[in-house]
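Subject: The structure, with notes

Hello,

Here is the structure I said I would pass on. Please open it next to this email, and my notes follow below.

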Amino acid sequence: MAEEEQPKNVKELLVELKDASELMVDLAYAAVFFNENSLAEEVEELEQRMDGHLRRLREVAMLAARSPEDAEAMAGVLHIAAAIEKIGDAASDLARVVQARLGIPDTLRPDLRHADEIAGRVKVREGSALVGRSLRDLLLPVETGMWLIAIRRGAEWEFDPGPETVLTEGDVLAFQGPEEGVNLIRELAGAPPLPPGPETEAPALTELDRAVDILIEMKNSAEVAVGLAYSALLFQDTALAAEVTTLESRSDVLHDELESWVLKAAPEARRPDELRGLLRLGYASETIFDAARDMTWLVEQGEELHPVVALALEESEEVATQTVIEPGSHAAGRSLKDLQLETETGMFVLAVQRGRRWVYRPRPRFTLEPGDRLISIGPEEGAEELYAVASAPEPEPAPS
């Protein structure tokens, strides 16, 4: 097999580091949800690869600094790279929860899987519409709202599959995305839909349930913080940077609450040692918040970033966009549930700014209003579709 071409310059290295760190976080949480050691091992391999890229980036940055001005510009690049490295380290800590068999109580795994975005797996059946087609042709994020984290073919895994990957019968797809997209991707794979959950009265919350609720909030908010941090860098937006700071401050409170609830839950746990896994997950999530805060510090200080940073973020596999809802647009006055933006466009709304107020990870019932500013991430083709939904229709030409 041909040796993989290595990134050669600062921009290529930054692109690789950003994409790798985000993939590591996705795989690490999937490893915890599925209790899958092979996914955890891949996170460790990605960390080693990231270490090599970081070492190369530092070498290239030092060689590129031919004047005090160059050195000052490259210092910002290295600051961002260090924050990305911290995200990768946190993902590695998440994976070690599985590798060290610290465990998550089995009764809690269903709760973890429903942390806003669902992680799941499906096997591609005979006669499926997916067989023989590339991911470029299928556009799964746009058609179903689901992102493929990995593909298992026999005993081999393909992680972060690219657009040229062709699916075959028997492939096992690991995916994540909105709940309404689960049965869409299962239908394409030729699998039966998942039955609706039983409508039973929820049992009273225990101390352990509360601990998991806090952990899920930390996980969801950490992903928002990272997305907003990259967006703040791309758009040089101090308001976005300030929101990352707010989320990081909130994470300190959540982390304290998590530790408190886990300690209270110890008497009711059958194996209290398992609770160490929850504490490790909480600590790793808190580290991700800190890394996001580190990234935005330069923006808050008004530092002028090297142009290579914006170029790298624009070439990343997942693009960040800011979209304003225009009066008369298809989105104005409709809820996110009605619009099904993730399913229809593949774009995930990280936050909505309405006046001076921000709403993070808006719920399906959230109704968009003219003037709302959406910060979203997703595939490039999805960004164009989101813009079309948010834009007012072109006026019809006046009759001649």
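Let me start with a charged pair: Lys 18 and Glu 22 form a salt bridge, with their closest N and O atoms 2.9 Å apart. By salt bridge I mean a side-chain nitrogen of Lys or Arg within 4 Å of a carboxyl oxygen of Asp or Glu. Both residues sit in helix 1 (residues 10–34), four residues apart, or about one turn of the helix. Lys 18 and Glu 22 are both buried, where buried stands for under 20% relative accessible area, exposed for over 50%, and partly exposed for what lies in between (1.4 Å probe, protein chains only).

Before going on, a word on the basis: this is a predicted model, in which local features need pLDDT of at least 70 and side-chain atom pairs count only at pLDDT 80 or more, while totals for chains, interfaces and linings use all residues. Residues are numbered from 1 along each chain as its sequence is written, and side-chain values use heavy atoms, with hydrogens and water left out. Helices (H or I, at least four residues) and strands (E, at least two) are DSSP runs, numbered from the N terminus.

Another one joins Glu 59 and Arg 56, at 3.5 Å from N to O. These two are three residues apart in helix 2 (residues 37–64), so about one helical turn separates them. Glu 59 is partly exposed, with a relative accessible area of 37%, and Arg 56 is partly exposed as well, at 35%.

Asp 171 and Arg 153 also form a salt bridge, with the closest N and O atoms 2.6 Å apart. This pair links distant parts of the chain, 18 residues apart: Asp 171 is in the loop between strand 4 (156–159) and strand 5 (172–177), and Arg 153 is in strand 3 (residues 147–153). Is Asp 171 buried or exposed? Asp 171 counts as buried because its relative accessibility is 1%, whereas Arg 153 is partly exposed at 36%.

There is a network too: salt bridges link Glu 44, Glu 47, Asp 93 and Arg 96.

Four strands make up an open sheet with antiparallel pairing, in the order 6-9-7-8. Two strands count as paired if DSSP finds at least two bridges between them. At the edges are strand 6 (319–324) and strand 8 (357–360), each pairing on one side only. From one strand to the next the twist averages 20°; axes here are lines fitted to C-alpha atoms, for helices over the stretch in contact, and angles run from 0 to 180 degrees between N-to-C directions.

Strand 7 (residues 348–354) and strand 8 run antiparallel and are joined by four bridges. Ala 351 has Tyr 360 in strand 8 as its bridge partner. Helix 9 (residues 238–265) packs on the sheet, where it touches strand 8 and strand 9 (373–378), and its direction makes about 60° with that of strand 8. Contact means heavy atoms within 4.5 Å.

Phe 366 lies in the loop between strand 8 and strand 9, and it counts as buried at 14% relative accessibility. In sequence Phe 366 and Arg 334 are 32 residues apart, yet their C-alpha atoms are 8.3 Å apart in space. Beyond neighbours within four places in sequence, the contacts of Phe 366 include Arg 334, Val 352, Val 359 and Asp 372.

**Nonpolar cores**

A nonpolar core is a set of buried Ala, Val, Leu, Ile, Met, Phe, Trp, Tyr and Cys residues joined through side-chain atoms within 4.5 Å. The largest has 88 residues, and Leu 228 and Met 295 touch the most other members. Helix 1 gives this core its largest share, 17 residues. Leaving aside neighbours within four places in sequence, Leu 228 is in contact with residues including Leu 240, Leu 350, Ala 351, Tyr 360 and Ile 375. Another core lies apart, with 18 residues, among them Ala 332, Val 352, Ala 383 and Val 389.

**Helix 3**

The 32 residues of helix 3 (residues 68–99) should span 46 Å, and its end C-alpha atoms are 45 Å apart, which agrees. The expected span is 1.5 Å times one less than the number of residues. Arg 101 follows helix 3 and has a positive phi, near 55°.

Best wishes
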